[in-house]
Amino acid sequence: MRKIYLGVLALYMSILASHAQTTQPVKDSSNYQSRQLKIDEVNFVSGYYHQTGNHSAVTGGMGDETLTDFANTLDIQLSKLTKNGYKNTFQFELGIDHYTSASSDKIDPNSISSASMQDTRIYPSLNWTRSNEKTGNAFGLTASYSHEFDYQSVGAGLNLTRISANKNTQFDLKVQAFLDTWKVILPVELRPLGYGSGSGKDDNRPVDNKPRNSFSASFSLSQVLSTRLQAMLIVEPSYQHGLLATEYQRVYFNGNFSTGVGPDNDIFNERIESLPGSRYKLPIAVRFNYFLDDHFIIRTFYRYYTDSWGIRAHTAEIEVPIKFTSFVSVSPYYRYNNQQGTRYFAPYGQHSVNEKYYTSDYDLSTLTSNFVGLNVRLAPPNGVFGIQQFNTLELRAGHYMRSTGLTSNIVTLAMKFK
Amino acid sequence: MKRNTPVSMLSLLCLGVAVTACSCSSVKAYQKNRLNDSEMELSARKVQKFEQSFQLYREGGSGANGGKSGGGCGCN
C-alpha cells in the first residue's frame, strides 16, 4: 500500500513540476494561440468515509456493518488546438480506494483474515474529446479499467455534445459499457466440496469466475431559462446482465430445505443470496440552479428512480451556496431519499424456502435516508495560499442517517490546479 | 393505480420541463455573467464524487446524477 501511495505522490509532484514549467507567462500581444499540447487543469480529490450499522448482508441481515474507505483520484486534463479550429482534450484519471470491512471478514469467520476483509481498488481511465471551438459541439471516447482483489472491470464509452446557435440549449449523450468479471467467493460453510476460498493464500483450489455486464445511455438537456435560472433534464436508462447477486452474502430462511448444501450437505436453513440475472434501471432527474443575488445561489436536484426488481425511489437535494466574497463561499446542503425496496428483500430468518430469489441486503430494502453537510470553497484570484496555479480548494463534509440504523460520515478534499 | 405511478411521474416531469423550456426568454452571451458563476454549474461538483459513490452502494436507486453507473463492485 505504502508503495502505491508513494507512487501516486511522486506522479502528482512530477505533474505539478511539469505544469509549473509549461505555464510560464508568455508575453505575446498577438492573437496567436499555441497549438502545443498543454495542461489545462489538474484535479486531486481525496475522501475518507466511515460507516457503522448492524444489518450486514454478509451475515444474513444481522451483524456489524462497520466500513472505512479512503478514496483518492487524480485527473489531468490536457488539450491541443488544431489548425482548423478544433480542440482535442485528453483527460487521464487514476483512482485508488482502500477499504476495510468488518462484514467481509465474516465470509470465513474461522480464518484470521478472510479474502475480502480489506482491499484496494485501482481504476485508471482515459477520455479523448474533440470539440469545435466556435460551436462548442463535441465528440469523445472513453476507456476505463478497474481492478480489485475479486473484481475486474473493463469499460468503454462515447460522449456527444450539441449546443444551439444561441448557446442557451445543450444536449449531451453519453453511452457506456462495462464488462466485468467477478471471482465468486462463497461463505465458508456454503462452499461445495473442493471449492476454494479465493484468497490464493491458504489453498489453491479453484473458484468460479462469472461475468457482470452493464450498459447505460445518459441523455441530458440543459436549458438557460433566464439571466438567473438554468435547468437540466437527465434520463439515464441502463441494463445489467450476469451475476447480480453478491454470492458471499448469506440468507437465512424461516424453515428448512429438504436437501442441504456445503461440504457436509448439512446446512438446511441457509443459502447464498439469489437475485435475477438481469436488471433494467430508469432514473429521471432534473436540476434547477437559481442565482438569487450576489450572496445566495440555490442549487436543487430531484430524481425519480424505478427498476425491474421493484425498487422505486424519490431523491431530492438542495444546496445554498452563500458567497461571502466572489471567491469564498460556504454551502450548507441537505439530501432526502425515500426508497420502496425490492420485492426480493426480507429480513433475517423471514424468507420462505419456496422463493426463487432472495436477499437480506438492507441496501435494497424499504428505507428513508437523510444526508446533511457543508461545502467550503476557496477560489481567490491570486491563487489559494497565494500560489497562482492553485486555483480552487474545496472541503466538503457530510453526515448520513438511514432509517435502517446505518449512519456514516464522509469528508472530501478537492484541489484544482490550473 | 399504483402501477401507473412511474408513468404519471414521468409525464409530470416532462410537462414541467416543457412548460419551463417554452417560457424561457433568449439570453444573450453578455447577459450570462450570473449563469457563468462557478456555483451555477449544472453538473455535480467534483468534490461530490465519493459521496455519490457511497450513496450508489447504500441505496437501491442510482444514476442520472453525474455519478458512476457501472464498473467496479461496490459490494461491501
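So, how many bridges join strand 1 of chain A to strand 20 of chain A? Eleven, and the two strands run antiparallel. Strand 20 covers residues 407-417, and in it A:M415 is the bridge partner of A:F44.

Quick housekeeping: this is a predicted model, where local features need pLDDT of at least 70, side-chain atom pairs count only at pLDDT 80 or more, and totals for chains, interfaces and linings use all residues. Residues are numbered from 1 along each chain as its sequence is written, while chains are lettered from A and ligands numbered from 1 in the order in which they are written.

Strands here are DSSP E runs of at least two residues, numbered from the N terminus, and two of them pair if DSSP finds at least two bridges between them. Strand 1 (residues 38-52) also runs antiparallel to strand 2 (residues 67-81) of chain A, with 13 bridges. One residue pair there is A:H50 with A:T68.

Now the chains. 79 residues of chain A are in contact with 42 of chain B, contact being C-beta atoms, placed from the backbone, within 7 Å. On the chain A side, strand 13 (residues 278-291) gives the largest share, eight residues.

Last, the inside. A nonpolar core is a set of buried Ala, Val, Leu, Ile, Met, Phe, Trp, Tyr and Cys residues joined through C-beta atoms within 7 Å; buried means 20 or more other C-beta atoms within 10 Å of a residue's own. The largest has 23 residues, and A:M232, A:I234, A:A285 and A:Y344 touch the most other members. Strand 9 of chain A gives the most to this core, four residues. A:M232 also touches residues including A:V286 and B:L42.

Technical notes:
Contact = placed C-beta atoms within 7 Å. Buried ≥ 20, exposed ≤ 12 C-beta atoms within 10 Å, placed from the backbone. Lists of a residue's contacts leave out its neighbours within four places in sequence.
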